[in-house]
Amino acid sequence: MDNATQRTAIVTGASRGIGRAIALRLAADGLAVTVNYAGNTAKAEETVAAIEANGGKAVAVQGDVANPQDVERLFQATQEAFGRIDVVVHNAGIMPMATIGSDNLEAFDKVIATNLRGAYLVLAQAARHLGEGGRIIALSSSVLAKSFPAYGPYIASKAGVEGLVHVLANEMRGRQITVNAVAPGPVATELFFHGKTDERVAEIAAMSPLERIGQPEEIASAVAFLAGPDGAWVNSQVIRVNGGFA
Ligand code: NDP
């Protein structure tokens, strides 16, 4: 397919975990994909190679989503590589655990910078670059409904992301661009497993009536729905994809 007709997507944080699964799924659905990452070049190149091995098209672009110049460069590089941008998935995120105390301000500032300022910058560039039929999807989290201790900074950042999604959907009035969030429950990635004992993982898995944690591909399916023709009438929603972890 040539550049003029192939739809294209930017997926932030696509070197690993859920972002990698989203990049692979959107490529399998026929989109050319920009694989963004923070520092893990080898993993990002591995995602690109996996897409290419399946006959898809992808490029890797390093960039910190909290840095406005990096985010601008991410969109420019995609325009240069593929000639158009149709879908933007803001997935990059971190989850440092910290109770609400002034000695944890550093963790708070870091997660707000990456998760919330990052979302603001990526959504801002998406609003600038996308044309009619564009789809913007941001990753939130189902843990908002749980309010577990030590999730304060993370939950604050994702509550902010959901707020931005609803406002941007309104700001896109007249442009035929949808803006939605996907809020996964616990998913088998490094972000989820980090710092948890096997017992804690089992406890969390048991919270869903389906009695397991999710797989990255199960989140990618929901994102692919929103990015594809069947998702056209879904706008300004938060889709909780969590096996009933609520
Ligand atoms: P992982 O830790 O597995 O992967 C994180 C990805 O984000 C990596 O590609 C990483 O790049 C990238 N990244 C981190 N910081 C930045 C940054 N500043 N700029 C650009 N890229 C960055 O996380 P998950 O796949 O688990 O999470 C993906 C999203 O899903 C996050 O927004 C998370 O909050 C959300 N989520 C996850 C859940 C889970 O249980 N796993 C549940 C609910 C929501 P690099 O490899 O270069 O470091």
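This is a predicted model: local features need pLDDT of at least 70, side-chain atom pairs count only at pLDDT 80 or more; totals for chains, interfaces and linings use all residues.
Residues are numbered from 1 along each chain as its sequence is written, and side-chain values use heavy atoms, without hydrogens or water. Local features need pLDDT of at least 70 and side-chain atom pairs count only at pLDDT 80 or more, while totals for chains, interfaces and linings use all residues.

**View 1. Helix 1 packs with helix 2.** The crossing is right-handed, that is, the near helix is turned clockwise from the far one by less than a right angle. Arg20, Ala23, Leu24 and Ala27 of helix 1 meet Glu46, Thr47, Ala50 and Ile51 of helix 2, contact being heavy atoms within 4.5 Å. These residues divide into five nonpolar, one polar and two charged; Ala, Val, Leu, Ile, Met, Phe, Trp, Tyr, Cys and Pro count as nonpolar, Asp, Glu, Lys and Arg as charged, and the others, Gly among them, as polar.

**View 2. Helix 3 crosses helix 4.** The axes of helix 3 (residues 68-82) and helix 4 (residues 105-129) come within 10 Å, at roughly 35 degrees, in a right-handed crossing. Residues of helix 3 in the contact are Pro68, Val71, Glu72, Phe75 and Gln79, and among their partners in helix 4 are Arg117, Leu121 and His129. The contact has six nonpolar, three polar and three charged residues.

**View 3. Helix 4 lies alongside helix 5.** Helix 5 (residues 152-171) packs against helix 4 at about 15 degrees, with the axes 8 Å apart; the two are therefore roughly parallel. Helix 4 passes helix 5 in a right-handed crossing. The contact includes Phe108 and Tyr120 of helix 4 and Tyr154 and Lys158 of helix 5. By class, it has 15 nonpolar, three polar and one charged residues.

**View 4. Two charged side chains sit over rings.** The charged end of Lys146 sits over the ring of Phe245, 4.8 Å from its centre. Arg200 lies over the face of Phe148, at 5.4 Å from the ring centre. Such a placement requires NZ of Lys or CZ of Arg within 6 Å of the ring centre and within 35 degrees of the ring normal.

Definitions and conventions:
Axes are lines fitted to C-alpha atoms, for helices over the stretch in contact, and angles run from 0 to 180 degrees between N-to-C directions. Helices (H or I, at least four residues) and strands (E, at least two) are DSSP runs, numbered from the N terminus. Angles under 35 degrees count as roughly parallel, over 145 as roughly antiparallel, 65 to 115 as roughly perpendicular and the rest as oblique.
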